[in-house]
Amino acid sequence: MTAFAIVPETGAHDTAIETLHAEAFGPGRFARAAFRVREAGSHDPALSFVAVEAESDRLVGSVRLTWIETAGTGCRGLLLGPLAVMEELKGKGVGKALLRNAVDAGHASGAPYILLVGDKPYYEPFGFKTVPAGQVRMPGPVDPARLLVCAFDPRATQRIGGDVRWCGSGQTAGQPV
């Protein structure tokens, strides 16, 4: 197994991350609903991480968190993704290590929740549950069973609602949920 380290994302990783995303998701990534949210503004580099091989410093995975809010309630939180790992290292723990780091950073940031579009069996062990159907709308089609939330504040699941949109950077600590 390849030894790797999880480190904060920096601008030096941009080209390698874009290459990884192109290989992992192809040109269709630009049409995905979560990408449509992220195209309104940048992810939060302070809450984004990469996995690098210990021996070579080669980037082998990436995860990003982006500040969002739901238009119906103004409840701010984070959107996770994309989470990408080099094909030859899938199933080796890289993605789960990146995910754990992102969830921990999201919680520490004061965000009341993290939203994502993904496979429930993969994300459920990290605290993600299905958003009630129709409660949240992404800017494009999403299978309702794949719209997941990890609520750090139990009130957040009831408060999020409406259209998901990018809302810039900043912490929510101290802000009512």
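1. **Ground rules.** This is a predicted model, in which local features need pLDDT of at least 70, side-chain atom pairs count only at pLDDT 80 or more, and totals for chains, interfaces and linings use all residues. Residues are numbered from 1 along each chain as its sequence is written, and side-chain values use heavy atoms, with hydrogens and water left out.

2. **The largest pocket.** (A pocket is an open set of points on a 1 Å grid over the protein atoms alone, where a 1.4 Å probe fits, with protein on both sides within 12 Å along at least five of seven lines; lining residues have an atom within 4 Å of a point. The volume is the space filled by probe spheres set on the points, which are joined across faces, edges and corners.) Its lining has 39 residues, and F25, R32, P82, L83 and A84 lie nearest the centre.

3. **Who lines it.** Two or more lining residues come from each of α1 (14-25), α2 (33-38), β4 (75-85), α3 (94-108), β5 (113-117) and α4 (120-123). Strand β4 gives the most, with six residues. (Helices, H or I of at least four residues, and strands, E of at least two, are DSSP runs numbered from the N terminus.) By class, the lining has 19 nonpolar, nine polar and 11 charged residues; here Ala, Val, Leu, Ile, Met, Phe, Trp, Tyr, Cys and Pro count as nonpolar, Asp, Glu, Lys and Arg as charged, and the others, Gly among them, as polar.

4. Do look at P82, which lies in strand β4. The peptide bond joining G81 and P82 is cis, with omega about -5 degrees. Most peptide bonds are trans.

5. **Helix α1.** With 12 residues, α1 reaches 16 Å from its first C-alpha to its last, close to the 16 Å expected at 1.5 Å a residue (the expected span is 1.5 Å times one less than the number of residues). Its buried residues are I17, L20 and H21, where buried means under 20% relative accessible area and exposed over 50%, with a 1.4 Å probe and protein chains only. These buried residues fall within an arc of 100 degrees seen down the axis, so they line one face of α1; the arc is that of the directions from the helix axis to the C-beta atoms. On the other side, T15 and E23 are exposed. The cover over the buried residues of α1 includes β2, β3 and β4, and contact here means heavy atoms within 4.5 Å. Just after the helix, G26 has a positive phi of about 70 degrees.

6. **Helix α3.** The 15 residues of α3 should span 21 Å, and its end C-alpha atoms are 21 Å apart, which agrees. Among its buried residues are V94, L98, A102 and A105. G110 follows α3, with a positive phi near 95 degrees.

7. **Two single residues.** D57, in the loop between β2 and β3, has a positive phi of about 65 degrees although it is not a glycine. D57 is exposed, at 59% relative accessible area. By contrast, T66 in strand β3 is buried, at 0% relative accessibility. Among the residues that T66 touches, not counting those up to four places away in sequence, are R38, H43, L79 and W166.
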